[in-house]
Amino acid sequence: NKGSQLPDALAHLFLICKSPSLNDLIDHLDHYARLVGIDHICLGLDYYKGSEPFKEIQTPETMCQWVPALKSHGYADTDIRKILGENLLRYYRETW
């Protein structure tokens, strides 16, 4: 076993808040980072026509808002890169 992935943890957030803000999402991410460590967190959002899952992130084009929001929560550039894709790429390399 080379490791495991948590199932989609955002489902729990939607049970708490019908339309979570970006700050709500990052608070949720903070919680999981404390539980499993930053090396095991990545962002994977699904968008489809008609979906409006988050207040500030309505379309893939607005994803750029993640970087300043993560920085304002104290995340270092290296951790932000991990969250936005490096962790997922590492996972693929290690498991495929």
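## Salt bridges and a surface patch

Tyr92 counts as partly exposed because its relative accessibility is 32%. Buried means under 20% relative accessible area, exposed means over 50%, and partly exposed lies in between (1.4 Å probe, protein chains only). Tyr92 is found in helix H4 (residues 77-95). Helices here are DSSP runs (H or I, at least four residues), numbered from the N terminus.

This is a predicted model, where local features need pLDDT of at least 70, side-chain atom pairs count only at pLDDT 80 or more, and totals for chains, interfaces and linings use all residues. Residues are numbered from 1 along each chain as its sequence is written, and side-chain values use heavy atoms, with hydrogens and water left out.

How confident is the predictor? pLDDT is its confidence in each residue, from 0 to 100. The protein chain has a mean pLDDT of 76. Of its residues, 62% reach 70 or more. Confidence is lowest in helix H1 (residues 10-16), with a mean of 54. It is highest in helix H3 (residues 66-72), at 92.

Tyr92 also belongs to a nonpolar patch on the surface, together with Leu89 and Trp96. The three have about 410 Å² of accessible area together. Accessible areas come from the Shrake-Rupley method with a 1.4 Å probe; for residues, only the protein chains shown count as cover. Patch residues have over 30% relative accessible area and no salt bridge; nonpolar side chains (Val, Leu, Ile, Met, Phe, Trp, Tyr) are joined within 5 Å, like charges within 9 Å.

Now the charged pairs. A salt bridge is a side-chain nitrogen of Lys or Arg within 4 Å of a carboxyl oxygen of Asp or Glu. By this rule the count is 4. Among them are these:

| Pair | Closest N to O |
|---|---|
| Asp39 and Lys82 | 2.6 Å |
| Glu86 and Arg81 | 3.6 Å |

Which parts does the pair Asp39 and Lys82 tie together? Asp39 lies in the loop between helix H2 (22-36) and H3, and Lys82 lies in helix H4, so the pair ties together parts that are 43 residues apart in sequence. Asp39 is partly exposed, at 34% relative accessibility. Lys82 is partly exposed too, at 22%.

Lys71 is partly exposed, with a relative accessible area of 44%. Glu86 counts as partly exposed at 39%, and Arg81 is partly exposed at 43%.

How values were computed:
Helix = DSSP H or I, 4+ residues; strand = E, 2+ residues; numbered from the N terminus. pLDDT = per-residue confidence, 0-100.
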